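Let's take a friendly walk through a protein model, one piece at a time. Keep the 3D view open and follow along as you read.

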Amino acid sequence: MYPIHVDLCGKKVVVAGGGPVAYRKIRDLLKEKAIITVISIDAVKEIQELHEQKSLTWISREVKSKDFEKAFLIVAATNSNEVNAEIAINVNESQLINVADQPKLGNFIIPSVVKRGKLVLSVSTSGASPSLSISIKKELQQKYSKDYESYLEFLFECRNIIKNEFPKIKRKALMAELTDPVFLHDVNKRYGYKKTLTNEKVRNLVK
């Protein structure tokens, strides 16, 4: 499969199923600010609470084919293999669908993900060993600390200054300086470098 990162902000997502598996999928989808509709006769307490908080819409009934007509992304996570398979067969070929218990029936899989702000690390064994994916995810969580969140913000801000305010002849060298490992854990070094960039920017404007 071809790995991509999809922007789900404001996109309509339909989840068939209201059990623990569905909830795990929903929890991650909410972080991406998707507009979620859950179709299931029953739902775990967490999903019901999210519905009451208006974080999603829960419709308490059996799934119907029309439920997916306008969905950008679909998750089939009912407790019935047959129902999940039927959903996969009947969705539009241009829609994204993940089938929780039968990944080969869908057209995308959901990897294990580690997020550190703008840094996104995803791991997948293509269904060969979900437990190995989880193990690798834990290793990545330990290796890439939360320092990367502020570090990536620093890189993003500096890159924008360099890209927008400096001539091309200087950009490559400045970009290379940003990758110095000293900036990862030293906030004062970051502040000093940004100040240097800003001062250099002012000097360029004066010239």
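## A salt bridge to start with

Arg61 is partly exposed, because its relative accessible area is 23%, and the cut-off for buried is under 20%. Its salt-bridge partner is Asp67, with the closest N and O atoms 2.7 Å apart. Asp67 is buried, at a relative accessible area of 11%. Before going further, keep in mind that this is a predicted model.

How many salt bridges does the structure hold? There are five, and the Arg61 and Asp67 pair is one to look at. Another joins Glu32 to Lys115, where the closest N and O atoms are 2.3 Å apart. This pair links distant parts of the chain: Glu32 sits in the loop between α1 (20–31) and β2 (35–39), while Lys115 belongs to strand β6 (residues 112–116), 83 residues apart. Glu32 counts as partly exposed at 27% relative accessibility, and Lys115 counts as partly exposed at 39%.

Now find Glu153 and Lys118, which form a salt bridge with their closest N and O atoms 3.9 Å apart. Glu153 is in helix α5 (residues 147–165) and Lys118 is in the loop between β6 and β7 (119–123), so this pair ties together parts that are 35 residues apart in sequence. Glu153 is partly exposed, with a relative accessible area of 33%. Lys118 is partly exposed too, with 42%.

## The sheet

Next, look for the strands. Five of them form an open sheet in the order β3-β2-β1-β4-β5, and the pairing is parallel. Which strands are at the edges? They are β3 (57–59) and β5 (96–99), and each of these pairs on one side only. If you go from one strand to the next, the twist averages 15°.

Let's zoom in on β4. Four bridges join β1 (residues 12–16) to β4 (residues 73–76), and the two run parallel. Ala16, for example, has Ala76 in β4 as its bridge partner. On to β5: β4 and β5 also pair in the parallel sense, over four bridges, and Val75 stands opposite Asn98 in β5.

The side chains of β4 are worth a look as well. Leu73 and Val75 point one way, Ile74 and Ala76 point the other way, and all are buried.

## A buried tyrosine

Now jump to Tyr193, which lies in helix α8 (residues 187–206). Is Tyr193 buried or exposed? Tyr193 is buried, because its relative accessible area is 10% and the cut-off for buried is under 20%.

So who are its neighbours? Leaving out residues up to four places away in sequence, Tyr193 touches Phe154, Cys158, Ile162, Leu174, Glu177, Leu178 and Phe183. Take Cys158 from that list: it is 35 residues away from Tyr193 along the chain, yet their C-alpha atoms are separated by 8.7 Å.

## A nonpolar patch outside

Finally, turn to the surface. Tyr2, Ile4, Val6 and Phe72 form a nonpolar patch there, and together they have about 430 Å² of accessible area. One of them, Val6, is found in the segment before β1. Val6 counts as partly exposed, with 33% relative accessibility.

How values were computed: Residues numbered from 1 in each chain as written. Predicted model: local features only at pLDDT ≥ 70, side-chain atom pairs only at ≥ 80, totals over all residues. Heavy atoms only, no water. Pairing = 2+ DSSP bridges. Axes fitted to C-alpha atoms, helices over the stretch in contact; angles between N-to-C directions. Buried < 20%, exposed > 50% of the residue type's maximum accessible area, 1.4 Å probe, protein only. Contact = heavy atoms within 4.5 Å. Patch = residues over 30% accessible without salt bridge, like charges linked within 9 Å, V, L, I, M, F, W, Y side chains within 5 Å. Areas by Shrake-Rupley, 256 points an atom, 1.4 Å probe, with all protein chains shown as cover. Salt bridge = Lys/Arg side-chain N within 4 Å of Asp/Glu carboxyl O.
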